[in-house]
Amino acid sequence: ASVVATRLRGKNKPTFTRHMDTGDFVIVVNAGKVRVTGKKLEDKMYYRHSLYPGGLTSVSLGKLIETRPQRVIEEAVSGMLPHNRLGRAMIKKLKVYPGPEHPHAAQQPKEHQLA
């Protein structure tokens with residue numbers, strides 16, 4: 001996740017500037033195969049709130065990997081990005097997929113005939 005956050009932020013480029021989005025799009029595949037050490041599968045909890053009274057929901061890491069494995073990577077990376085509108089723009093350039101397939105392709109230059 002730290003390598004992904006560095007690429008999204010653009011810190012690996014010589015043109016890095018703190019106040020600009022100079023990062024690249026990043027595609028993460030096989031998010032369902034994430035491994036953790038220790039008892040994190042049972043002990044690490046993810047929280048969200050519905051903004052209604054008593055609306056706090058918690059789910060363990062193990063349960064989240066079973067149901068939505070891409071959410072684990074997204075949460076880890078978003079915590080390492082700036083917490084402002086720049087960070088929200090950066091996280092939109094992250095694409096996470098639970099398996100090896102994804103609909104994206106590399107840029108392929110096309111030859112044009114000049115008449």
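Me: What makes the side chains of Arg-71 and Glu-75 a salt bridge?

Reply: The model is a predicted one. In it, the side chains of Arg-71 and Glu-75 meet at 3.0 Å, N to O. A salt bridge requires a side-chain nitrogen of Lys or Arg within 4 Å of a carboxyl oxygen of Asp or Glu, so the term applies. Both residues lie in helix H4, 4 residues apart, about one turn of the helix.

Me: Why is Arg-71 called partly exposed?

Reply: Arg-71 has 33% relative accessibility. Buried means under 20% and exposed over 50%, so a value in between is partly exposed. Glu-75, with a relative accessible area of 32%, is partly exposed as well.

Me: How do you know that Lys-93 and Asp-21 form a salt bridge, and which parts of the chain does the pair tie together?

Reply: The N to O distance is 2.9 Å, and the limit is 4 Å; the pair therefore counts as a salt bridge. Lys-93 lies in the loop between H5 and E4 and Asp-21 in the loop between H1 and E1, so parts 72 residues apart in sequence are tied together.

Me: Are Lys-93 and Asp-21 buried or partly exposed?

Reply: Lys-93 has 10% relative accessibility and is therefore buried, the cut-off being under 20%. Asp-21, with a relative accessible area of 31%, is partly exposed.

Me: What makes Lys-13 and Asp-24 a salt bridge?

Reply: Their closest N and O atoms are 2.7 Å apart, which is to be set against the limit of 4 Å. The structure holds 3 salt bridges, and Lys-13 with Asp-24 is one of them. Lys-13 is partly exposed at 27%, and Asp-24 is partly exposed at 30%.

Me: Why is Thr-22 called buried?

Reply: Thr-22 has a relative accessible area of 16%; buried means under 20%, so the term holds. This residue lies in the loop between H1 and E1. Leaving aside neighbours within four places in sequence, the contacts of Thr-22 include Arg-9, Lys-13 and Phe-16.

Me: How do you know that E2 and E3 pair?

Reply: Pairing needs at least two bridges, and 5 bridges join strand E2 (residues 45-49) to strand E3 (residues 56-60). The two strands therefore pair, and they run antiparallel. Tyr-47 stands opposite Ser-58 in E3. E2 and E3 form a hairpin with 6 residues between them, and Leu-51 in the turn has a positive phi of about 70°.

Methods. Residues are numbered from 1 along each chain as its sequence is written. This is a predicted model: local features need pLDDT of at least 70, side-chain atom pairs count only at pLDDT 80 or more; totals for chains, interfaces and linings use all residues. Side-chain values use heavy atoms; hydrogens and water are left out. Buried means under 20% relative accessible area, exposed over 50%, partly exposed in between (1.4 Å probe, protein chains only). Contact means heavy atoms within 4.5 Å.
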